[in-house]
Amino acid sequence: MKTDTPVTIRRGDYAPPAYLVDEVALEFRLDPAATLVRARLALRRNPAAAPDAPLRLDGEGLQLVEARLDGAVLPPDRCRIGEDGALTLLDPPAAGVLETLVRIAPESNTALSGLYTSGGNYYTQCEAEGFRRITFFPDRPDVMSRYEVTITADRTLCPVLLSNGNPAGSGLGDGNTHWARWVDPHPKPSYLFALVAGDLVNVADRFTTRSGREVALNIWVRRGDEDRCGHAMDSLKRSMAWDEQVFGLEYDLDVFNIAAVSDFNMGAMENKGLNVFNTKYVLASPESATDGDWQGIETVVAHEYFHNWTGNRVTCRDWFQLSLKEGLTVFRDQEFSADMGSRAVKRIRDVRGLRAAQFPEDAGPMAHPVRPDSYIEIDNFYTPTVYQKGAEVVRLIHTRIGPAAFRRGMDLYIARNDNQAVTIEDFVAAMQEASGIDLSAFMGWYDQAGTPELAAEDRYDPEARRYTLTLRQSTPPTPGQPAKRPLPIPVAMGLLGPDGAALPTRLAGENAAQSGTRTLLLEAAEQSFTFEDVPAPPVPSLLRSFSAPVRLQGVPREQLRFLAVHDSDPFVRWESGQQYAASVMLEMVAAAQRGEAPGFDPALAEAVANTLAAAEADPAFAAEALSLPGEGFLADQMAVADPVAIHRVRQGLRAEIGRRCGPALRAAYGSLAETGPYRIDGRSIGRRALRNACLGYLVAAGDAALAKAQFDAATNMTDSLAALSLLADAATPAREEALAAFHARWRGDALVLDKWFSIQAMADRPDAIEAMRQLYAHPDFDLRNPNRARALIGAFAAGNPAHFHAESGEGYRFLADAVIALDPINGSIAARLIGPLGQWRRQAPSRGALMRRELQRVLDTPNLSKGTFEKASKALL
Ligand code: 0A1
Ligand code: ZN
């Protein structure tokens with residue numbers, strides 16, 4: 001929607017809906033330019049609402065053909081369509097059947113919200129507020145209805161007609177049409193409605209639930225993609241079994257359909273019984289998908305399936321409660337993936353992701369609590385804070401009450417709230433009752449923005465054999481929240497003796513001996529914990545498994561080195577290595593800024609050598625340990641970021657390590673060479689990751705030929721892409737040759753072509769901006785396709801800091817130009833892409849001014865979407 005004065009929606013203003021809709025009957029007559037939608041709503045006044053509240057149905061861009069109340073045509077003076085597109089019924093009855101007929105044009109829907117076409121087929125996306133672009137309806141999640149959907153379309157163009165629930169009849173219609181009816185027995189909010197129709201083929205399978213329900217499983221794709229659905233189907237069946245085993249949750253319909261579409265705003269959508277997926281999270285073959293893609297498919301398939309209970313059966317009262325379903329469902333998919341592979345490596349990756357995306361958000365202009373207080377455009381709040389930090393908060397509760405109480409809490413949450421639209425309080429209350437532990441202070445994690453900072457100080461008394469650990473917390477201010485209160489922080493920890501062995505951890509006042517990992521609960525701004533019978537001065541190992549989403553600061557370097565080698569917790573081992581490297585690298589950046597040659601810390605080369613020597617035991621972990629902290633992670637720790645200096649230092653360090661550890665890296669690279677067919681088990685993935693990490697160092701040290709050789713010989717996408725991304729930085733003819741060969745081979749595969757764009761968008765080359773402009777003008781570039789737009793524009797702005805932040809300001813200008821061009825096509829994606837410009841406060845004043853100028857230019861654009869308006873205006877505050 002375009003508007004000049006966007007309205008701010010506030011959480012405190014919640015009021016129950018005036019009318020409820022118990023039953024909905026929808027009839028679609030599909031046509032790309034003029035689809036007819038007839039909706040029959042059985043309405044009644046909500047006893048919980050004010051008795052004189054008006055009957056107002058949301059609508060956006062709908063052409064009303066006719067409206068009837070209980071069969072009688074409504075004259076225009078009784079139903080009015082406002083400026084905002086909503087329909088108000090004057091003098092409404094207490095109950096009745098309202099029938100509307102509207103016309104919409106799916107082929108001109110470029111926002112991909114509501115009903116749209118992609119490649120001649122029809123798809124819907126209704127979360128959060130897309131249903132109002134299909135028909136007039138109280139489009140809010142606390143109105144739950146039972147749906148019956150009848151779809152009529154041309155038999156030849158649309159042989160497949162799908163909607164939510166179970167099939168309930170089909171037949172031939174007039175002309176060359178046919179119809180199909182779907183009935184969903186479970187009441188649901190409008191955002192879970194879905195329709196998919198077109199010329200699609202299915203890959204079919206079955207699942208028998210533990211109570212014996214036979215479920216037909218289908219993945220619907222375009223002809224030719226059938227042979228790339230195996231992994232998604234396998235992931236679905238494993239997810240269904242896992243949710244039964246771990247949470248006792250069974251599927252509740254006779255069919256589960258997944259449809260894949262190449263034009264999609266997000267990853268996927270959990271519509272009841274008919275999930276719609278971005279093709280990126282369905283299609284995979286060894287030649288065309290990387291190991292990361294395979295893992296992404298497993299995660300997203302599981303995530304959407306798990307929503308069936310956490311989101312669909314129990315849904316959100318309003319959009320401020322979004323994390324009720326998203327944080328909980330991300331927590332569930334993280335646990336699922338941890339159970340499918342290596343728990344430690346999964347945790348490391350999740351924390352890496354949290355720090356790369358959520359920590360900066362929490363420190364920037366769009367910082368908001370996991371449960372926001374206000375929004376202009378709800379699409380802007382599908383954020384790392386709501387999803388990833390929300391999952392961390394669920395994990396905090398899990399850690400605090402333990403797995404058994406958490407499971408009882410889930411049972412209670414579902415039993416008590418089934419078929420209802422509820423709030424985060426309802427979730428926390430169930431966990432509290434099931435555990436008998438007061439969780440009221442944990443609500444602070446939902447309502448307070450910003451990343452808490454945690455610091456430790458300790459003292460050892462050898463005579464008394466007593467060790468005192470003092471923990472302190474504080475949270476920096478965020479927009480609208482200047483003062484912060486302390487939060488409950490579970491600190492999983494242990495103590496290590498001088499030889500690295502675990503020391504006892506009995507607290508003063510406790511009788512029973514304690515050893516291994518225990519969890520301290522820091523509740524105040526400062527708290528001391530006294531440990532008795534500690535035989536030697538210990539090294540504390542804090543925040544094991546990353547037990548809370550905080551920044552642990554000030555751990556001395558000697559302790560980091562010690563923990564990186566000796567701690568029993570793999571997360572802390574990895575973390576300590578990363579923090580050590582980060583602290584060295586930040587010193588190098590400071591030296592570079594002073595114009596000095598950054599020195600080299602031989603401990604880093606030693607760590608690489610040690611990691612390689614021990615890699616055989618767990619190659620995936622070794623690969624994580626071998627990767628230097630990312631540029632964003634380093635920038636995040638500087639008072640004023642210097643993206644160009646960071647990049648140069650990191651590249652220089654990679655080259656130096658590559659030279660010093662050359663023989664060991666080369667030996668590892670050789671010994672990890674794959675023999676036999678491509679496999680996607682954890683060990684094989686880990687070996688490829690490790691081998692490509694070695695390749696990265698060797699190429700940084702000058703051996704571009706090795707990358708070219710790997711590229712030419714690669715039989716899987718992981719190895720091919722790892723080599724190509726290294727070559728993309730190299731000013732050699734091999735670069736152009738490899739890029740051209742890759743394009744020639746994959747030009748017909750949209751998902752792989754996205755990778756070709758991304759790799760170049762992230763390349764470090766002197767003419768980077770010119771290269772970006774050429775790629776933007778490339779015949780294969782298409783701004784309308786969200787995957788392609790993200791692959792080029794998003795990858796550049798978020799993944800190429802050294803050139804995005806070029807001193808000239810051309811990187812910023814490129815991004816602003818793209819956002820201005822995209823906004824009228826798809827405001828939701830434009831608003832997402834503008835994000836990096838909002839980080840101007842973190843940059844030096846000269847860069848900050850250039851960034852602000854571009855934000856202002858975007859803001860001055862006429863008819864800006866309200867999402868882009870919200871992002872740009874908040875960034876400039
Ligand atoms: N609920 C989905 C995410 C989603 C949100 C909005 C969308 O369209 C604007 C699409 C998907 C999930 O968590 O997977
Ligand atoms: Zn979700």
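Q: How many residues of domain 2 are in contact with domain 3?
A: This is a predicted model: local features need pLDDT of at least 70, side-chain atom pairs count only at pLDDT 80 or more, and totals for chains, interfaces and linings use all residues. Residues are numbered from 1 along each chain as its sequence is written; chains are lettered from A and ligands numbered from 1 in the order written. Contact means that two C-beta atoms, placed from the backbone, lie within 7 Å. Domain 3 brings 13 residues to this contact, and domain 2 brings 11.

Q: Which helix gives the largest share of the side of domain 2 that touches domain 3?
A: Helices (H or I, at least four residues) and strands (E, at least two) are DSSP runs numbered from the N terminus. Helix 4 (343-362), helix 5 (384-401) and helix 8 (443-447) each supply at least two residues of this side. The largest share is 3 residues, and it comes from helix 5.

Q: How many residues on that side of domain 2 are nonpolar?
A: Nonpolar covers Ala, Val, Leu, Ile, Met, Phe, Trp, Tyr, Cys and Pro; Asp, Glu, Lys and Arg are charged, and the others, Gly among them, are polar. The side has 2 polar and 2 charged residues, while its nonpolar residues number 7.

Q: Why is helix 27 largely enclosed, and which helices do its buried residues pack against?
A: A residue is buried if 20 or more other C-beta atoms lie within 10 Å of its own, exposed if 12 or fewer, and partly exposed in between, with C-beta atoms placed from the backbone. Helix 27 (residues 866-876) is largely enclosed by the rest of the structure because 8 of its 11 residues are buried. Among them are Phe869, Lys871 and Ala875. The buried residues pack against helix 24 (810-822), helix 25 (827-833) and helix 26 (845-859).

Q: Which residues come nearest to ligand 1?
A: Near means a C-beta atom, placed from the backbone, within 6 Å. The shell divides into 4 nonpolar, 6 polar and 5 charged residues. Strand 20 (268-269) and helix 2 (291-306) each supply at least two. Of the 15 residues around the ligand, the nearest are Gln125, Glu127, Asn265, Met266 and Met269.
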